[in-house]
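Please open the model in a viewer and keep the selection panel at hand.

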Amino acid sequence: MFFLWLMACAQVVDRGPSVSAPSGVLLDTAGLEPTRVFATHAVAPQSPAVLTGSGIEVTSSGPIRCAEPQRRREKHFDVHAKPYDDDRDWFRMWGAGVAAADFDGDARTDVIFLGGRASQFFRQDPEGRFIDDSATALDSREPLDEVFGGSVADYDADGDLDLYVTRYNEPNVLLRNDGSGRFQDVTANVGLALGSHRSGASAWADVDRDGDLDLFVSGHGRIIEDGSRAHDFPPGEPSYLFLNTGAGFVDRSERLPPEIHDGYTFVGGWHDIDEDGWPDLWAINDIGGAQRPCTLAMNHGGAFVPDHNMAGLDLAVSGMGLGVGDVNGDGLDDFAVPAWNEVRFMLSSSAGLWIDHSRTLGVRGDPLVDQVVGWAAELADMDNDTDLDIPMAFGFIDTQLADNAVGQPDALFIQDADGSFTDRAEEWGVADRGYARGLALADLNNDGWLDVAKPDINGPRLLQVSRCGEESWLRVGLRSEGPNTHAIGAKIVVETEATSQYRKLYAGSTGYGSSGPPEAHFGLGAAESVSRVVVYWPDGVVSELRDVEARQILTIRRM
């Protein structure tokens, strides 16, 4: 009986006060200021937290406090670069995706930059250095060039994270992780061989609710650079839906409506718009004013039906990326869609419609500094003050379809107390003016503050490492028995005396050709404890923790 009670309780542990670890130079690049890495040390058990719901185990880093919060007042980010040369032409939507996750199981985040000329795997060592291990880690039958992007998921339910790589007009690749951060090309073995395809992004979800992860691959299309009008282009290349059988994948793309197949889709995201438990598919489409607009297809028990703009999300824009999160606190997802010459900031309303608030809330590019072509976006709490902010990538593209400037600065829209947003990228030192496309967010050095991994197709690979401050935080990862080992699709709610926040776990579905770790980050402001952590698992089971100390990295494992 004691054993059963122990399995049903969450053991929250305290690892004592934080200390500074030896610092290392990110990306092993000489001449750069080293990044401070905060150490974690031996686990000492204490009384278990109160828990209701199914049996779970919780492991914890214990409280991690910022050793030098005053350094954030001097500068918000330390920026580290790895030189990268690419002699291709600059008419490209691809070559600047990135994947960030713990690929080798050592509790440190690694980074894979997905390039136009070559892709690179940077493994983080115990000193916080990112060492190029591409030659031994990335074993692929196909060259990992002309890459659009990638998505991270455990497709084979062996507990480690694999990587699906999309390429533009070249064969896509599924890389299986052997658990040590070594990847092998298994594309043909599992039924995912496509041949050449102008792929955009990819995204994983349990589409048919059979417990395992299925795969969406978006089709973009041929951009004709001879002065033709976009209205005269052919329809986009078809998208793909692959269902996971447990022994491989079967092509069920015919289940997607023509409206999905016809678009020039950059990002396809699985988002449960009507909260019925079935992930719906929202395609963010390029040249949506001339070709197919962004299209929402509702998932009715595995059958996909266009909603014909009933939710207000069929946007006639040249959409590039997708940021997702609950900005207005109503429990529904809101969306930031960077596009050519505009940003759509779609907030949910009580009428079941999503309404554009980009102008009223200040989420838009500034033409005075040439912010014209927006690519990736994410919604995340970048300053740990309990509300969501929006990092957004801007970047030049050489095309005859429209003019745009070289040197477009990236944005970091920080949410103010009144709910409006101000671009503070220049002030915070992250207004990079390179040729940006994708970005990924992750807490690279385990200090509780989100960092940014961002390639530049005409320049270096960048890591923008946030300096920690006084504000509190909580990081939550999930593990589950069964085929969906990282509980993709789960919803996590964190409540303090002052706030209630939720996050969903994604594998792809946001950003632009990029994928972060499958975990949830919560900024907690001044709160030093969390009254409740509630997990809504993908199969509907609910688990709850109470009275959890803040500033911890939690892994909640369902038994």
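**Charges over rings**

Begin by selecting Arg72 and Trp428: the charged end of Arg72 sits over the ring of Trp428, 5.3 Å from its centre. The model in view is predicted. Next, select Lys491 and Tyr502, where Lys491 lies over the face of the Tyr502 ring at 4.4 Å from the ring centre.

**Aromatic pairs**

The count of aromatic pairs comes to 22. One of them is Tyr240 with Phe242, a stacked pair with 5.6 Å from centre to centre and 5° between the planes. Tyr240 and Phe242 are both buried.

Now select Trp375 and Tyr512. Their ring centres are 5.4 Å apart and their planes stand at 80°, so this pair is edge-to-face. The pair links distant parts of the chain, 137 residues apart: Trp375 belongs to strand 25 (residues 374–377), and Tyr512 to the loop between strand 35 (507–508) and strand 36 (519–525). Both residues, Trp375 and Tyr512, are buried.

Move to the second largest pocket, which holds about 740 Å³ of space. Select Gly277, Gly489, Ala490, Trp537 and Pro538, the closest to its centre among the 34 lining residues. Strand 13 (196–205) and strand 17 (264–271) are the elements that each give two or more residues to this lining. The lining comprises 16 nonpolar, nine polar and nine charged residues.

**Ser348**

Finish at Ser348, in strand 23 (residues 342–348). Ser348 counts as buried, at 7% relative accessibility. Its contacts beyond four places in sequence include Asn328, Asp330 and Trp354.

Methods:
Residues numbered from 1 in each chain as written. Predicted model: local features only at pLDDT ≥ 70, side-chain atom pairs only at ≥ 80, totals over all residues. Heavy atoms only, no water. 1 Å grid on protein atoms, 1.4 Å probe; cavity = no way out; pocket = protein on both sides within 12 Å on 5 of 7 lines; lining within 4 Å. Points joined across faces, edges and corners; volume = space filled by probe spheres on them. Helix = DSSP H or I, 4+ residues; strand = E, 2+ residues; numbered from the N terminus. Nonpolar A, V, L, I, M, F, W, Y, C, P; charged D, E, K, R; others polar. Buried < 20%, exposed > 50% of the residue type's maximum accessible area, 1.4 Å probe, protein only. Contact = heavy atoms within 4.5 Å. Phe/Tyr/Trp six-rings, centres within 6.5 Å; stacked < 30°, edge-to-face > 60°. Lys NZ or Arg CZ within 6 Å of the ring centre and 35° of its normal.
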